[in-house]
Amino acid sequence: MRNEAAQRVELVFSLFDANGNGVIDSDDFDLMTDRVLRAASASDDGAKAAIRAAFRRYWTTLADELDADGDGVITVEEFRPFVLDPVRFGPTVTEFAQALSALGDPDGDGLIERPLFVSLMRAIGFEEGNVHALFDAFGPDADDRITVAVWAAGIEDYYAPDLAGIPGDRLVAAPVA
Ligand SMILES: [Ca+2]
Ligand SMILES: [Ca+2]
């Protein structure tokens, strides 16, 4: 596992701990889902149902695989190696990447404008300067748009244990002043 990959998922852990109690639990996913859905008001019901299902699968996969003692919480020490295991968690990441990136494209033309990208990523909790740096790293076109496919691939890369120097590392960097 690369140190960069560990830092990426530790950041996700801290953001997904939406209720701030230091562990990940079912309540966190309810809060996070509501926040993202508020930012996705332009999306249709199918896209909203898909992100709800993806967040639910993210949580239930963690709970089913990791919470052997059934106390309902996941620690960062449990979370980090598990979500960076492509065999055990990769399919869950793929569904999540498809559902989240689709929210960036409510009109279905395959392109994502910067303002909605920023709103969705800010809803998850990433720093605004880092979100802009990520969008820039994805190589927006002359009209400042990226493709849904690029974002989906970027999310999958974010969870790759052996990748470093990728666009997703911009999210971990110190916020741009
Ligand atoms: Ca929590
Ligand atoms: Ca679009």
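Where does UniProt place the feature "domain: EF-hand"? The record, an unreviewed entry, puts it at residues 4–39 and 54–89; UniProt positions follow the numbering used here, feature names are shortened, and such annotations may be inferred rather than shown by experiment. The structure itself is a predicted model, in which local features need pLDDT of at least 70 and side-chain atom pairs count only at pLDDT 80 or more, while totals for chains, interfaces and linings use all residues. Residues are numbered from 1 along each chain as its sequence is written, with chains lettered from A and ligands numbered from 1 in the order in which they are written.

Take the two annotated stretches in turn. Residues 4–39 are 75% helix and 6% strand, and their end C-alpha atoms sit 28 Å apart. For residues 54–89 the figures are 69% helix and 6% strand, with 12 Å between the end C-alpha atoms. Helices (H or I, at least four residues) and strands (E, at least two) are DSSP runs, numbered from the N terminus.

Leaving aside residues up to four places away in sequence, I24 touches F13, F16, D17, L62, V73, I74 and F79; contact here means C-beta atoms, placed from the backbone, within 7 Å.

F13 and F79 turn up again where α1 meets α4. The axes of α1 (residues 3–16) and α4 (residues 76–83) come within 10 Å and cross at roughly 125°. These axes are lines fitted to C-alpha atoms over the stretch in contact, with angles running from 0 to 180 degrees between N-to-C directions. From α1, the contact uses A6, V9, E10 and F13; from α4, V76, F79, R80 and V83.

The loop between α7 (128–137) and β4 (145–147) holds D144, which has a positive phi of about 60° although it is not a glycine. Most residues other than glycine have a negative phi. D144 is partly exposed, with 13 other C-beta atoms within 10 Å. G139 lies in the loop between α7 and β4 too, and counts as exposed with 10 such neighbours. On this scale 20 or more is buried, 12 or fewer exposed, and in between partly exposed.

Methods: Two residues are in contact if their C-beta atoms, placed from the backbone, lie within 7 Å.
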